[in-house]
Amino acid sequence: MHTVTDDLGRKVTLPKQPRRVLALAPSMTEMLFAVADTASIVGRTQNCDYPAAALTKPVVNNYPMDYERLLSLKPDVVFATDGIISLEVAAQVQKLGIPIYFQAYDSVTDILRGIRTLGQLLQREEKANAVADSLQRIINQLATDTARAARPTVLAITWKDPIYVYGRNTLFTDKLRYAGGKNALTEIFAQPYPALTREYILKMDPEVIIGGSFEQMEKTFFSLYPELRRIKAYKQKRIYEVTDDLMSRPSPRVVEGIAELKAVLR
Amino acid sequence: MRKAFLLVVCLLLLSALGFFLGLKVGSISTSYTTIMEALFSYDSTDPTHFSIINLRLPRLLLAFLTGASLAFSGYLMQALVNNALADPYLLGTASGASLGASLSFFLFADLTFMGLYLPPFFALAGSFAVTLVVVVLGSRRGQLIPSQMLLVGVALSSLLTALVSLLMFLSDSESQLKSVVFWSMGGFEKADWSTLGYPAVTLTLGLILFFFLQRHLSVLLLGAERAETLGVDVRLIRWVMLVSVSVVTGFAVAFSGPVGFVGLMVPHFTRALLGTTNRLNLIACALAGGLFLVVCDLISRWIYPPAGMPVGIVTSFFGVPFFVYLLRRKNYRFS
C-alpha cells in the first residue's frame, strides 16, 4: 500500500499494484482502456461506451451511485473525474473501503499528464508514456499550421433553453487554441458552462457556432431565437456539428476532437 | 379615493422610470441618448438599437405583464376563497404548469413543433387541466366550496410536484434538468414581441371586467352570507373570478415560468396602503405587481450578468423583508 495525492488534493491510499480497477466516468474509462491491462478493468458505468471492449464489462450505475454493485465488483481502486462524481459520493465509496482517486483536467496538457499518472499508479508507466508521447506528437502536428492563421471566434452551444455554452475556463478553449480558433467568450464566469442572454451573444457576434448542423440549428435554435440570425456565424453559414463525445470527454480521444474542430474551422 | 388616484399616478410614473432604466441595462453598454434614438429614430442595422427594441423592451413588458397578472390573480383569489394566504398558485396552477413544461422539456429534444416553441403551450395546458380538476373536486352540485377547493388545490399541488421530481429523477440529461429548474424559477429572457399579445389581452380584459365588479369583490371579502344578503350573486361571481384567475395566471405563467411571492404579497401591499374597499384597489394592485417585477428583473440583471439571476429568487429576497416591514408598521388586517 502507498499514499498518493490526487488532482483534488485528497490523500488516497491504494495498493502498489492494483489488480482490479474501474472508472466512474466515460472519459476515465477511455483513459483506463488506453493505459491499463484490459483484463484488470472490472466494470464501467452505464454511459461508458468507448472503446467497444468496454461494453463487455459489468455496469455500475453512477447516477444515482449503486454502491452495492460497486462493492460486489471488489475493485482495488476506483477512478473518478471532477464534476462527474461528487465528493459526497466519493466519501461514501471510501467508507466502503474502496480508495477513490480523482483526476481533473483544465487543459489538453492536463489530460496527457493524467495518462502518465495513471501509468504510475497502475505500474504501467511504459505503456502510458508511449500513449502520451504519441498523442503529444499528433497534437504538435495539428497545431503547426494553425499557429499563424487568423483565429475565428467560436461559440459552442451545449443546450438551447436556456442557452448554455462552453465557457472560457473549460478544456474547450484550450482545444480551440490547437485547432486554430478562439473561444468567442472573453469573460470568465463562475460556472464553466454559463447561461447567456441573447443580447450577450449578439454583442459577441461569434464567427463560428458549434452545436449542430446548419439545418438542425435553423430548426431548433434560430427559430427559437430569430434575433440571433444577425450574427456573423449565421450570415456566413458557419454553423457546424461535431461529435458530442469528442467535445465533452477529456480522454485520449481529445486529439480526434481537436482534429475535428480544426476540420470545421478550416 | 384621492389617495388611491395619487397612488395609481405614482405607480405609473415609477413604472415609466423603471422601463427607462431597464432599457439601459444589458450586455451592450448604452447611453440615455442611444435609448431615445432607438425609440424615436430606430435603425434596425444598429445592434444596440436592435437590442433595446427587440430584446430589452419585450423583456420589460413581459416582466410588467407577468407581475400585474399575478398580482391581479392574487387579489381575486384572496377574495374568492376569503383567505389571506391565497395566491394564484393555490389552485395548482403553478404545479400544473410546471408539470406541463417539464414534460415538454423531457419529451421533445427540439422543443419546437412546426416553428412553435412548445413549453409555454404545455405549461398553459397543464395549468388549465389542473385548475379544472380542482374545480370539479372542489365543488358540490355546481357550487364552489372555497375551503374544499383550497384543500384539493394544495393536495394536488404536492402530487404534481412529486411527478415533476420523478421526471427529474428519471432524466439522464443534466441539461434537461437545468431547463426545468431554470423554468421553474421564472425569468423573462425568452420574451419576444410575438408572444406578448396573449398575456396583454387576457390581463386587460380581466382588469376592465373587475373594475366594474369591484364592489362585489369588496362585499365578498365580508363573507359569502353577508354578500348574499347584500344582493350579490355569489355563485355566479365566484365562477367569473375563477375563470378569470385561471386564464390570466395561465398565460402569465406560460411565458415566464411560475414566479412566487408576487400574487401572495402585492395585494396585501396595496390593501395596506388603500384599505380593503377602494374602487381603484385592483388597478393599483396590478400596477404595483408589474412595477415590482420590472424592478426585480432589473436587480437580477445588475447583480448577475449576463443571464440574470432567476427572478423568483430576487422577488423573495427583496420583497419579503419589505412586506414584513409594511405589515408590522401598518398594523393592517385582512378583510
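Buried means under 20% relative accessible area, exposed over 50%, and partly exposed in between, with a 1.4 Å probe and protein chains only. This is a predicted model, so to speak: local features need pLDDT of at least 70, side-chain atom pairs count only at pLDDT 80 or more, and totals for chains, interfaces and linings use all residues. Residues are numbered from 1 along each chain as its sequence is written, chains are lettered from A and ligands numbered from 1 in the order in which they are written, and side-chain values use heavy atoms, leaving out hydrogens and water.Within chain A, Asp205(A) pairs with Lys232(A) in a salt bridge (a side-chain nitrogen of Lys or Arg within 4 Å of a carboxyl oxygen of Asp or Glu), the closest N and O atoms being 3.7 Å apart. Asp205(A) is partly exposed at 23% relative accessibility, and Lys232(A) is partly exposed too, at 35%. Another salt bridge joins Arg177(A) to Asp174(A), at 2.9 Å. Here Arg177(A) is partly exposed at 44%, while Asp174(A) is buried at 11%.

In chain B, Asp297(B) and Arg59(B) meet in a salt bridge at 2.9 Å, N to O. Asp297(B) is buried, with a relative accessible area of 1%, and Arg59(B) is buried at 7%. Both belong to a salt-bridge network that also takes in Arg198(A), Glu227(A), Glu189(B) and Arg301(B).

As for the meeting of the two chains, 33 residues of chain B and 25 residues of chain A are in contact (heavy atoms within 4.5 Å). Three salt bridges cross this interface; one of them links Lys190(B) and Asp161(A), with the closest N and O atoms 2.5 Å apart.
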